[in-house]
Amino acid sequence: MSYSRIIGTGSYLPERVMTNQELERIVDTSDDWIQARTGIRERHIVADDENCGDLARKAALQALDAAGLTPEDIDLLVLATCTPDRVFPSTACLIQRELGMPAGSIAFDVSAACSGFIYALDVANRFIRTDGARRALVIGAEAFSRILNWEDRGTCVLFGDGAGAVVLEASDSPGVLSTHLHADGRQEELLYVPWGVGQGYDHLDSVSGKVSMRGNEVFKVAVRTLGRIVDETLGANGLERGDVDWLVPHQANIRIIAATAKALSLPMENVVVTVGEHGNTSAASIPLALDVAVRDGRIQRDQIVLMEAFGAGFTWGSALVRF
Ligand code: UT7
């Protein structure tokens, strides 16, 4: 069995930046409240004619460029998103066509909300390890603003749009050291979009297709759960707290990120934090943050990187990689 290794990263953010000050004019909120409770200063928002697939394709091209590859070299594309362009085909199939990947290569979407990228990475890693693919594009992309209720200050200030991607390649030495996935559907109503196409359009009104969250309750479960996943990941690899070089967490809230760093005994200098500039971009947040820290030179080859996420489902998971 071979291992898989990340050989390139990329990302893309829509041009339009929305600041907290702008949100002050839309809902009853303040820059002070948003920064103090979440760490978010601004987020990017898709243009009217821009969709999840557009963001994903641009991030993928950058990751391919970093890996020194072209789309023809890729035999598997896994896209994590909860804001796909269409009901079907999957957005992964649309990107496969637009990138010019080989016809017959594998392409599909993964739906695990904010944990989506970790789920997609786990799946692609298993394909490569069992010789089902040699080179995979793993993308997290969201046009999350499309499912925001702009009258709900409890959610609309939190999220943003963007995409991040990695290229995974079969390798004799590990790369991906371990992945850990979990789900528990019992608290669905704490974080969900009440409507889906399967319910039919008669049930769709102006808010039923939008995100609904009981933030404070989600916050408490997230902190507890991420503390556990950190222990599980270190334990599976025989590592101690402090053995990790970088934490690249899902970017939901700076207070959740700080709590996880504490659980890892990791100083904040070793945590990649992009929530201030990106907000919560759901499945895109981890690969976006990873790409930022690779490009600015913080994350170096052979360093140990822990990625973790928690999101609707609930779903949660982690991936430990030797970069
Ligand atoms: O990525 C998927 C997983 N999602 C998450 O991990 C999100 C987890 N939750 C959070 O990040 C935090 O719970 C929030 C940032 C959503 C909220 O922070 P909080 O410290 O838990 O605040 P809260 O919900 O307890 O609300 C405190 C107060 C309330 O007012 P009262 O009842 O104390 O008078 C809210 O109505 O803040 C009020 N509030 C706001 N005020 C100004 C809620 N949203 C806002 C707002 N601006 N945007």
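Select N253 and the ligand: an N or O atom in the N253 side chain lies 2.7 Å from an oxygen atom of the ligand. This is a polar contact, a pair of N or O atoms within 3.5 Å. The protein covers 73% of the 950 Å² of accessible area that the ligand has on its own; such areas come from the Shrake-Rupley method with a 1.4 Å probe.

This is a predicted model, in which local features need pLDDT of at least 70 and side-chain atom pairs count only at pLDDT 80 or more, while totals for chains, interfaces and linings use all residues. Residues are numbered from 1 along each chain as its sequence is written, and side-chain values use heavy atoms, with hydrogens and water left out.

A polar side-chain atom of T29 is 2.7 Å from a nitrogen atom of the ligand. For W33, a polar side-chain atom is 3.2 Å from an oxygen atom of the ligand. In total, 23 residues surround the ligand, counted when one of their heavy atoms lies within 4 Å of it. The closest are T29, N216, H250, N253 and N280.

Next, go to the loop between β4 (76–80) and α4 (91–99), where V87 is found. Helices (H or I, at least four residues) and strands (E, at least two) are DSSP runs, numbered from the N terminus. V87 is exposed at 56% relative accessible area; exposed means over 50%, buried under 20%, and partly exposed in between (1.4 Å probe, protein chains only). P89 lies in the loop between β4 and α4, and the peptide bond from F88 to P89 is cis, with omega near 0°.

F314 sits in the loop between β12 (304–311) and β13 (315–322).

Now select S282, in the loop between α9 (275–278) and α10 (285–295). S282 is not a glycine, yet has a positive phi of about 55°. Its relative accessibility is 1%, so S282 counts as buried. D302, in the loop between α10 and β12, is also not a glycine and has a positive phi of about 75°. D302 is partly exposed at 45% relative accessibility.

Finish with the cysteines. How many disulfides does the structure hold? There are 0, a disulfide being a pair of cysteine sulfur atoms within 2.5 Å. The sulfur of C82 is 6.6 Å from the closest cysteine sulfur, in C114, so the two are too far apart for a bond. For C93, the closest cysteine sulfur is in C52, 13 Å away and too far for a bond.

Definitions and conventions. A polar contact is a pair of N or O atoms within 3.5 Å; within protein, one must be able to donate a hydrogen and the other to accept it, and residues adjacent in sequence count only if both atoms are side-chain atoms.
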